Amino acid sequence: MSRGLVKTHIRGFDDDVLRGGIPQGHVVLIRGASGTMKSSLAYYVLYHNALEGVPGLYVTLEQNAGGLLEHVASLGLKATAVSDALPILDLSRGRDHLEEMVAKIGSMTDATATRDEALMAVLKAKVLELRRRRNFQLLAIDSWDALELILEFRDRRAETFGFFEWLRDLGVTSFLISEEPGLDIAPTALEEEFLSDGIVHLRLEPVTDTAFQRRVQCVKMRSVNQDSDDRTLLFENGRFEVARAIG
Ligand SMILES: Nc1ncnc2c1ncn2[C@@H]1O[C@H](COP(=O)(O)OP(=O)(O)O)[C@@H](O)[C@H]1O
Ligand SMILES: [Mg+2]
């Protein structure tokens, strides 16, 4: 049975790299160091889908909604054109914000739940409520690292697994933004790499002693025979575009 495909609207990426798009329902990791345009790219994908009538939800945890909107405006994207189809859930105040939500709707959470379980429950309830009300098809979580920090996972492996299962049950296509792990990272801290259905790497590649080029590589996309070659990533006149990298 074939599933629908989600377009990224990045020129040269959907057809040449993804052979059509991202299979609906996938959980895709957008991984890269700071400044590699992870947030820009995730917002861009949801924005262009929203313009075409596919609603999304952008959950921001690292920067507040105002900062995000200011940034995407500087990229030439008109967020006001999609404010209904692409609401932003601002959790940038972190744990405090979720704690307030727990206090407000605390009665719905199990009294025996630990604090972390209650925070997770309230976050899921909020997203589910928006899913019911807005029927969004695309979800971005910016970032997975920030979410993990707020929720203070004690059993990282089990909680990451549980969260991915929950995302899949939600029935949407999701993008998890994640920082490039350091070289000293324990392999056990990479559950999300094998749990995800797709991984898109963003990099700033030195091309001379002083010049850098943006690069994008789709290293994994389940059920797609994707092209894993490195591409240069260009952002011009409000459009992302990829081109073959000349090595
Ligand atoms: N108008 C623009 N055109 C191209 N690149 C831009 C523009 N405005 C900002 N940037 C780039 O976007 C980067 C930040 O993007 P962002 O998506 O926030 O990165 P990340 O989420 O990976 O940290 C900046 O470092 C800057 O290089
Ligand atoms: Mg970011």
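**View 1. Helices α3 and α4 are roughly perpendicular to each other (65 to 115 degrees).** The model is predicted, with local features needing pLDDT of at least 70, side-chain atom pairs counted only at pLDDT 80 or more, and totals for chains, interfaces and linings using all residues. Residues are numbered from 1 along each chain as its sequence is written, and side-chain values use heavy atoms, leaving out hydrogens and water. The axes of α3 (residues 95-104) and α4 cross at roughly 80° and come within 9 Å; axes are lines fitted to C-alpha atoms, for helices over the stretch in contact, and angles run from 0 to 180 degrees between N-to-C directions. Helices are DSSP runs (H or I, at least four residues), as are strands (E, at least two), numbered from the N terminus. Arg95, Leu98, Glu99, Met101 and Val102 of α3 meet residues of α4 (heavy atoms within 4.5 Å), including Leu119 and Val122.

**View 2. Helix α6 has buried residues, among them Phe163, Phe164 and Trp166.** Seen down the axis of α6, its buried residues fall within an arc of 160° and therefore line one face of the helix. After α6 comes Gly171, with a positive phi near 75°.

Methods:
Chains are lettered from A and ligands numbered from 1 in the order in which they are written. Buried means under 20% relative accessible area, exposed over 50%, partly exposed in between (1.4 Å probe, protein chains only). The arc is that of the directions from the helix axis to the C-beta atoms. Angles under 35 degrees count as roughly parallel, over 145 as roughly antiparallel, 65 to 115 as roughly perpendicular and the rest as oblique.
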